[in-house]
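Hello,

I am passing on the structure we discussed, with sequence and coordinates together. My notes follow below it.

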Amino acid sequence: MTDIRVRKSCRGMSAIKITPIVQSKLNNLDMSEPPAFGTVYSDHMFVMDYRDGEWQKPEIKPFEDFSIHPANLTLHYGQSIFEGMKASKNAEGVPLFFRPEMHSKRLNASARRMCMPEVPQELFMQAINELVTLDKDWIPTVPDSALYVRPYMFATEKYIGVRSSKEFKFVVFTCPVGAYYSNSVSLRAEQTYVRATPGGVGEAKTAGNYAASLYPAMKAVEAGYDQVMWMDPYEFTYIQEVGTMNIFFVVGDKIMTPKHNGAILKGITRDSVIKILRAEGRDVVEMDLSIKKILKAYKKGHVKEVWGTGTAAVISPVHQIAYREKVMDFDPESYTIGPRLKKIINGLRSGKHIDQFGWVKPAVSETLVEAV
Ligand code: COI
C-alpha cells in the first residue's frame with residue numbers, strides 16, 4: 001500500500017510530496033546504545049533538485065542510494081556544501097531543534113561562496129520539520145545522544161569544463177548518534193599544512209575543507225595526537241580551529257577564542273557559548289590568539305581549561321597541545337566551565353534548561369494526508 005502525503009503549501013512555498021517507508025528499519029536498532037557517529041541512517045530523506053534556474057518539487061521518500069553520472073561536476077571539482085544540526089526530544093516527546101535558522105543562514109552563506117543557489121529559509125525549515133517529525137522515533141534519548149541532521153547540497157550537472165554547475169541537489173537525511181568524542185583529545189599545532197587563508201573558503205562548510213584536512217590529520221595521529229590544531233597560514237603562530245571544532249581557552253578570568261577573520265568556521269555552538277558566557281557576565285575575548293601567548297600563560301599556570309565546540313562534538317575537553325617541541329598538559333578533570341556549558345547546551349537541546357535566548361524550536365509538521 002502506498003501512503004502519499006502532500007505537505008500543505010504555505011505562502012507560495014512548494015508542497016512537499018511525502019512517501020513514507022513501507023517497513024521501518026528502526027526495529028533492528030537498540031536505541032539504548034546509539035550507533036557510532038554516522039553509521040546508521042533513519043528511514044527517510046528529503047530531496048529537492050535545482051534546474052532551469054529554480055528549485056523543483058521537494059520530496060520526502062524512503063532513504064535510498066543516488067545514481068551518479070560519471071561526469072557529475074561535484075565528483076570532479078567539489079562543488080558541495082553541508083550543515084550539521086541536532087534534534088532531541090523534550091520530556092513530552094516533542095522533537096526540538098537548536099538554532100535551526102542559524103544553520104539555514106550558514107548553509108546559504110556557504111552556497112553563495114561556492115556559487116550555488118540558496119535554499120529559501122522557509123523551505124529549509126519545512127524540510128527539517130517534516131523529516132524529523134516523520135522519523136521522530138529515531139531520536140535517541142540516552143545522555144549525549146541526538147538525531148544528527150545533515151542538510152547538504154551538491155552539483156549534479158554532467159559536464160567536465162570548469163564552471164559552476166547549473167543543476168544541484170539539496171538533500172537532508174538524519175542519523176541517531178551518540179557522543180562524537182568519548183574522551184578528551186590531544187592536539188598538535190600544525191606547522192606545515194594550512195586549512196584556510198582569509199579570502200579562501202575556510203568559512204564555508206564545503207567538502208574540500210574537510211578533504212584537505214585528512215592528510216595532516218593522519219600525520220598528527222601517526223605522531224601520537226588525536227587532532228590537528230590549525231594555525232594561521234603566514235607564521236603558523238595564530239590559532240584558527242581544531243579538526244571539527246572551534247577552540248576556547250580559559251586563561252585566568254578571561255575566556256579566549258580566535259576571532260573570525262574569513263578563515264575560521266562560524267561555529268553555531270561557538271556563538272552559543274559566547275552568548276551564554278557573556279549573559280553570565282564573563283569576559284569572553286575574540287582575538288588574534290597567538291600560541292606563544294598561550295604558552296607563556298601556561299608556564300605561569302594561568303591556562304585553566306581548553307575545550308573545543310561544535311555541533312557534533314558539543315563541548316569536548318582538550319588534555320594536551322603540542323607546539324613544535326613544547327608540550328602543554330591540561331587536566332580536564334579539574335575543568336568547571338566547559339562541563340557546565342556542555343550541560344547547558346545539552347539541556348537547552350532537550351528542553352531541560354530554560355531557553356532564555358529563544359534558540360530552541362519544536363519540530364512542527366503541517367502534513368496533509370492526500371491519498372492513501
Ligand atoms: C558538525 O559539528 O556538525 C560538523 O559539521 C563536524 C562534522 C564534520 C562531523
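Which residues are around the ligand? In this predicted model, they are Phe-82, Gly-84, Tyr-148, Arg-150, Tyr-180, Lys-205, Tyr-210, Thr-244, Thr-311 and Ala-312. By class, this shell consists of 5 nonpolar, 3 polar and 2 charged residues.

On the side-chain side, Tyr-148 places a polar atom 2.6 Å from a ligand oxygen. On the backbone side, an N or O atom of Ala-312 is 2.9 Å from an oxygen atom of the ligand, and a polar backbone atom of Thr-311 is 3.3 Å from a ligand oxygen. Of the 280 Å² that the ligand exposes when taken alone, the protein buries 90%. The ligand takes up the space of the largest pocket.

Now the domains. The assignment for this protein gives domain 1 as 3-179 + 361-371 and domain 2 as 185-335. Their centres, taken over C-alpha atoms, are 29 Å apart. Where the domains meet, 18 residues of domain 1 are in contact with 18 residues of domain 2.

Among the shell residues, Tyr-148 falls within the 3-179 segment of domain 1, while Thr-311 and Ala-312 fall within domain 2, 185-335.

Regards

Terms used. Residues numbered from 1 in each chain as written. Predicted model: local features only at pLDDT ≥ 70, side-chain atom pairs only at ≥ 80, totals over all residues. Heavy atoms only, no water. Near = heavy atom within 4 Å. Polar contact = N/O pair within 3.5 Å; in protein donor to acceptor, adjacent residues only side chain to side chain. Areas by Shrake-Rupley, 256 points an atom, 1.4 Å probe, with all protein chains shown as cover. 1 Å grid on protein atoms, 1.4 Å probe; cavity = no way out; pocket = protein on both sides within 12 Å on 5 of 7 lines; lining within 4 Å. Sits in = over half its atoms within 2 Å of the grid points. Nonpolar A, V, L, I, M, F, W, Y, C, P; charged D, E, K, R; others polar. Domains from an automatic or database assignment. Contact = heavy atoms within 4.5 Å.
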